[in-house]
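Q: Please take me through this structure feature by feature, giving the general idea before the particular case.

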Amino acid sequence: MKAKITLAKEFKIADIDRRIYGSFIEHLGRAVYGGIYEPNHPTADENGFRTDVIELVKELNVPVVRYPGGNFVSGYNWEDGVGPVEKRPKRLDLAWGTTEPNTFGTNEFMKWCKKVNAECMMAVNLGTRGADEARNLVEYMNHKGNSAWADLRKSHGYSEPWGVKLWCLGNEMDGAWQMCAKTAVDYGRLANEASKMMKWTDGSIETVLCGSSSRNSPTFGEWEAQSLEIAYDSIDYVSLHQYYENRAGDTPSFLAKTLELEEFIYSVICVCDYIKAKKRSKKTVNLSFDEWNVWYHSDNAPYERWSYSPPRLEDIYNFEDALLTGSMLITLLRHCDRIKIACLAQLVNVIAPIFTKNGGGVFKQTIFYPFEHLSNYGRGAALNPIINCPKYDCKQFCDVPYLESIATLDEENGEMAVFIVNKSQDDFADIEIKLLDLKGYERDEFISMDGFSKDEVNGFELSPVAPHKNVLPPKEDGKISLHVKPFSWNVLRLKKK
């Protein structure tokens, strides 16, 4: 297959908000207990945090982590997770049918965030609770002075406020599975009042309005429009959630799901801008894609109801999942002018790039690597490449480009990167990369993941799916001749000499 990719500074989409490489920790399964927190583990630090997990999270370079849910947050009393651990109540979690011991809570999570160099994206309960509890939590977390909730935080041993800047106004409030689900109008009114009161408590915070729980929701579009019309002036972002699966084993259609993702993003942007026009507002509401991933392998395996942190949603990812994960991140970057925040759901054990054994080891799942590469090398501004390549038809889509690509340019550090997925299972791609006005950028590193079957997985004993370095491709007259293998993830890094 012959292909061309043309790049130029003039093709700039926008500067990349680092929060687009965020992730998610929910009180679900072994994400917290046995994931990031396991006091009796050989690697546990003085806080009970697994340091082997901390090191891998640092490799991912995650700038923001959403917490504590997810469906869990719609029944969570945040007061249960603060103060002396021995006095914290055990609660039944109706979202996931387990018992929450509350031995790990808000302050523990904030301490963990500092360990991994991440900020917190805090979600408030707008299911069983409301605006008053939400503004109280903001006061507890962020207020410097003397007040009831700030004084309570200080009595818990935290004299300085945490300064959480990003807040989710509930979670998937349109879903029948959600505790105290709402209509769009009811939710819009509640979110508007909560956001208003939270910002009166701390005017420096940003808030995220719940969008539809997925593009396939029966009220998708209408939900966004109705809730936004009420809350537009008080919120800053609208959330999007999307997971993909390949139960049918149709790899060509699975890897083409980014076409559907493009439509989803564009639709939400259109609704936001429709409300902006209707209100004659000068304010632009941007997007927070705060749940996205591949999710289907675990199929909700049986577990003992009301047990403590049973294994749940523990997908073991294969190589084709890694290719779609990379393609989805590329798609998010193509819209970084409007997508400012995104969270890979989730971070450890629960549909996650990091997988642990209680009391034992840890390994990197296949999806770890595309995320790591983009998070570490996809900095600066996103450039929209002009891609000329063959296309294919499949059961679910027509005219699917074989190549998925994005480029990033970090002029401040003199670095550039080109990320490419070859979706063809059979054909090599000889790609001519043309650098129009990007003078002085020389090839620095060519990394790829290739040569694996679509079903190849990693594990505790063997983890064959990993990237490797290649010989640098030839360059002549501002053109780089890149030879990429079939069914592959590729990263070409350049540096200004």
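Q: What should I know about the model before reading it?

A: This is a predicted model, in which local features need pLDDT of at least 70 and side-chain atom pairs count only at pLDDT 80 or more, whereas totals for chains, interfaces and linings use all residues. Residues are numbered from 1 along each chain as its sequence is written, and side-chain values use heavy atoms, with hydrogens and water left out.

Q: How do the axes of helix α1 and helix α10 cross?

A: Two packed helices are described by the angle between their axes and the distance between the axes. Here the axes of α1 (residues 51–60) and α10 (residues 368–377) come within 8 Å and cross at roughly 55°, which makes α1 oblique to α10. Helices are DSSP runs of H or I with at least four residues, strands are runs of E with at least two, and both are numbered from the N terminus. Axes are lines fitted to C-alpha atoms, for helices over the stretch in contact, with angles running from 0 to 180 degrees between N-to-C directions; under 35 degrees counts as roughly parallel, over 145 as roughly antiparallel, 65 to 115 as roughly perpendicular, and the rest as oblique.

Q: Which residues in α1 and α10 meet?

A: L56, E59 and L60 in α1 meet F368, F371, E372, S375 and N376 in α10, where contact means heavy atoms within 4.5 Å.

Q: Why is helix α2 described as largely enclosed by the rest of the structure?

A: Of the 11 residues of α2 (residues 106–116), 8 are buried, so the helix is largely enclosed by the rest of the structure; buried means under 20% relative accessible area, exposed over 50%, and partly exposed in between, with a 1.4 Å probe and protein chains only. Among the buried residues are F109, M110 and W112, and the cover over the buried residues of α2 includes α1, β4 (64–67), β7 (119–124) and α3 (131–142).

Q: What volume does the largest pocket have, and which residues lie nearest its centre?

A: Rolling a probe the size of a water molecule over the atoms shows where empty space is left. The largest pocket holds about 810 Å³ of space and is lined by 45 residues, of which S213, S214, Q242, Y243 and W295 lie nearest its centre. On a 1 Å grid over the protein atoms alone, a pocket is an open set of points where a 1.4 Å probe fits, with protein on both sides within 12 Å along at least five of seven lines, and lining residues have an atom within 4 Å of a point. Strand β10 gives the largest share of this lining, 4 residues.

Q: Which residues lie nearest the centre of the second largest pocket?

A: The second largest pocket, with about 240 Å³ of space, is lined by 14 residues, and R334, I387, P401, L403 and E404 lie nearest its centre.

Q: Where do the peptide bonds or phi values need a careful look?

A: Most residues other than glycine have a negative phi, and most peptide bonds are trans. A cis peptide bond joins G69 and G70, with omega about 15°, and another joins A345 and Q346, with omega about 0°. W306 has a positive phi near 70° and is partly exposed at 31% relative accessible area, while L313, with a positive phi near 55°, is buried at 3%.

Notes. Points joined across faces, edges and corners; volume = space filled by probe spheres on them.
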